[in-house]
Amino acid sequence: MATATIDGISTRYEVVGSGEPLLMYSPGGFDATIEKWSTQGIYAQIKFLDQLSKKYSCIVFDRRETGQSGGCVERVTWAHYVEQGKRLLDHLGIDKAHLMGGCMGCSAVSAFGATYPEKTLSMILFWPVGGARYRMTGHQRFAEHLAFVSQNGLEAVVSLAKESNKAFGADPRGGPWVSVIRNFPDFADKYARLNLDHYKAIVAGMVRTLLDRDTSPGAEPEDLLCLDIPTLIIPGADASHATSAARYLQECIPNSDYWDMPVPEQSAANCNAKVLDFLLAVPR
């Protein structure tokens, strides 16, 4: 593991394997760490990182505000996640890369492609988040955090973060910066002294930006419609990864490859084979 400082925020990352670069935005929602590629749900079964690293340089990292990466109390948008990945590539001296996202990472990948198409060789979107229930659950999570803050103050958030190892998704009271509070004492001290009204406004703006639609969030549809990037979409089918979100991306991204494989039939063998076949067919 290594650490890069990007715009004053530390990013924990690792490069696994060799070959063309493949920047991988981790699954895990607001707990998007390197380990999720190997430990979370379907990713533990499919083992993308084990297989893809045999042919590609897989660049994996803890998204900002998660795991061992740092953060900043600001109205975080998809653009911030895009810049983290782009600056990590700059740090490694990489001009262009294939992009892969899992879960919420798909939204960061689509936004990256729309922002830096010239740096994007291809996009793989596995189980993109989205759907009405995903939006409602996300808004409820932020609302629970704001209610806890209003009733108890920011010092209580710091105490809660230090008492448990739960991420924002597991215990919404801790908020989106809970991992940073837990791992960076200086950040925790400053966090506890923030202006409460300003903080609540930042959080309210953050949820409105990140969870603003019932389709797949991330890039604007008008920007996706203008893309000319080889794209593979593999749909999920549950409350957080609605199949409609994947179909929306298919509709918006020209000439995208939508793999209509039912979730029960998605296996380690066929998913890895599909992704590798797609990557090998990308024009060089």
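Which residue in S5 is the bridge partner of Tyr25? In this predicted model, the bridge partner of Tyr25 is Gly101.

**View 1. Strand S5 and its paired strands.** Strand S3 (residues 20-25) runs parallel to S5 and is joined to it by four bridges. Strand S6 (residues 120-126) is also parallel to S5, with six bridges between them. Gly101, the partner of Tyr25, stands opposite Leu125 in S6.

**View 2. Burial of strand S5.** Six of the six residues of S5 (residues 97-102) are buried, so the strand is largely enclosed by the rest of the structure. One side carries Ala97, Leu99 and Gly101, and the other His98, Met100 and Gly102; both faces are covered.

**View 3. The unit formed by S5, H5 and S6.** Together with helix H5 (residues 105-115), strands S5 and S6 make a β-α-β unit, which is right-handed.

**View 4. Aromatic pair Tyr191 and Tyr199.** The model has 13 aromatic pairs. One of them, Tyr191 with Tyr199, is edge-to-face, at 5.3 Å centre to centre and with 80° between the planes. Tyr191 has a relative accessibility of 1% and therefore counts as buried, the cut-off being under 20%. Tyr199 is likewise buried, with a relative accessible area of 1%.

**View 5. An aromatic cluster.** Trp37, Tyr43, Phe48, Phe126 and Trp127 belong to one aromatic cluster. Phe126 falls within the residue range of S6, 120-126.

**View 6. Arginines over aromatic rings.** Arg63 is placed over the face of Tyr81, 4.6 Å from the ring centre. Arg141 lies over the face of Phe168, at 6.0 Å from the ring centre.

Key:
Residues numbered from 1 in each chain as written. Predicted model: local features only at pLDDT ≥ 70, side-chain atom pairs only at ≥ 80, totals over all residues. Heavy atoms only, no water. Buried < 20%, exposed > 50% of the residue type's maximum accessible area, 1.4 Å probe, protein only. Helix = DSSP H or I, 4+ residues; strand = E, 2+ residues; numbered from the N terminus. Pairing = 2+ DSSP bridges. Right-handed = clockwise from strand over helix to strand, strands pointing away. Phe/Tyr/Trp six-rings, centres within 6.5 Å; stacked < 30°, edge-to-face > 60°. Lys NZ or Arg CZ within 6 Å of the ring centre and 35° of its normal.
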